[in-house]
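Here is a quick briefing to read alongside the structure.

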Amino acid sequence: MEPPAAPGPERLFDSHRFPSDGFLLLALLLYAPVGLCLLVLRLFIGVHVFLVSCALPDSVLRRFIVRVMCSVLGLCVQQSDPRLRDAGVRVYIANHVTQFDHNIINLLTSCNTPALNSAPGFICWSRGFMELGVSGSRAELVDSLKAYSSHRGNPPLLLFPEEAATNGRAGLLHFSSWPFSVSDVVQPVALQVLRPLVTVSVADSSWIAELLWTFFVPFTVYQVRWLPSVPRRMEEPSEDFALRVQELLAMELGVVSTRLTAADKTEHMKRLRHTSLLPFAPASSQALAARRQVPSVLAGAPEDGRISAMVQQVKEVLPHVPLEVIRIDLAQTNCVDTTIANLLEGRVSFFPDSKEAGTDLLAPATSQAAAASGILGSSAELSSKAAAKQFARSPVERHLSLQERKRALYDYARRRFAERSGAARLDGP
């Protein structure tokens, strides 16, 4: 039996908050007046919760009182097997679903989460993050966390190796290895979040918007499951240690471990924003999602050398196209010429690399006319450029003019590919 295909980024991140089902959308509209009243009421209660949490010292009594008050705000926290929580562990490892995961787990046990992406100051402190004063590399961060953990009087660390939140339904992002360099023993924490009417979190939403939606919905249920502690094996690298814990959490949550990272989430959101700004979508969302699905053979195994060579060939011809977009399309076509044609003719949507935008630029595949005016050097390309300056009155003539420009682009790419291939053969043995 073949393993399930790794989910693409469109399944790991929600870009829309409202449901697509008509019945749920109608229920949301009917609930909206009640939700607005709850939102205003809970804003006042939330201020009191914040003041109480600041006034009381960290203790079991404080966590109990704040947890009860948070239930009034609609935050219901459930934990299974609390006896599995190891009091001697210095590092908790959890999957990341919402921007308040660290606050929820802190209601169950004392722990601190370092601020990685938040600017230091009052906002960072009020959100419950720990400021370390380290703004350098990951190595400096790890050294600072090791020094923190060496003091037994400090609470344990709660770290999120995914470094970005997902919807928690399809898969886990690839775990970074630096959290597993802090300690040789970690305890995984499986976190699941349920919410009616709207999605749990939107990928590009701010924490303020997420907080307001949390107060708007009737309730949000956080389910926390403690897994047994996992020690590092003898001479086990941090990368292998991270992968082993990732597989344990994925199995507990019933999802798939992926090789996608927080950088892939950023690229995915850029692509979505870029596509939404286009006047005409190059393809349906279902087709784009299908094209981004990498075959399971390529997703789970090391990349084949032949595919890598083909990716570099396409990258030399179209330097502005991201490597990941080229690799995914080559996995579908297995042909350099077909992938180049797909990219030039707009059948594949992508967000161009900014590093290549100033040198040797080919415009994105969705605007062939702009690309034709920027790169054409031969007589055929100049004629196409001149023809593009005149707007034909007939739709047929306009279509022919567009086809000529696309043909000139394709010929230019093929000629450049042939020149580079010929030069490589001459330089070879």
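**Strand β7 and its neighbours**

Strand β2 (residues 91–94) runs parallel to β7, and 3 bridges join the two. Keep in mind that this is a predicted model.

*Pairing around β7*
- Strand β8 (residues 220–226) pairs with β7 in the antiparallel sense, over 6 bridges.
- In that pairing, L194 stands opposite V221 of β8.
- Strand β9 (residues 230–231) is also antiparallel to β7, joined by 2 bridges.
- V186 has V230 in β9 as its bridge partner.

*Burial of β7*
- How many of the 10 residues of strand β7 (residues 185–194) are buried? The count is 7, so the strand is largely enclosed by the rest of the structure.

- V40, L43, F44, I208 and L212 make a nonpolar surface patch of about 450 Å².
- Helices α2 (22–55) and α7 (207–216) each supply at least two of the patch residues, and α2 gives the most, with 3.
- F44 sits in helix α2 and is exposed, its relative accessible area being 57%.

*The protein as a whole*
- The secondary structure comes to 17 helices and 10 strands.
- Of the 429 residues in the protein, 42% are buried.
- The protein exposes about 22400 Å², with carbon and sulfur atoms supplying 61% of that area.
- Among contacts between residues at least 6 apart in sequence, 74% join residues at least 24 apart.

How values were computed
Residues are numbered from 1 along each chain as its sequence is written. This is a predicted model: local features need pLDDT of at least 70, side-chain atom pairs count only at pLDDT 80 or more; totals for chains, interfaces and linings use all residues. Side-chain values use heavy atoms; hydrogens and water are left out. Patches are made of residues with over 30% relative accessible area and no salt bridge: like charges are joined within 9 Å, nonpolar side chains (Val, Leu, Ile, Met, Phe, Trp, Tyr) within 5 Å. Accessible areas come from the Shrake-Rupley method with a 1.4 Å probe; for residues, only the protein chains shown count as cover. A salt bridge is a side-chain nitrogen of Lys or Arg within 4 Å of a carboxyl oxygen of Asp or Glu. Helices (H or I, at least four residues) and strands (E, at least two) are DSSP runs, numbered from the N terminus. Buried means under 20% relative accessible area, exposed over 50%, partly exposed in between (1.4 Å probe, protein chains only). Contact means heavy atoms within 4.5 Å. Two strands pair if DSSP finds at least two bridges between them.
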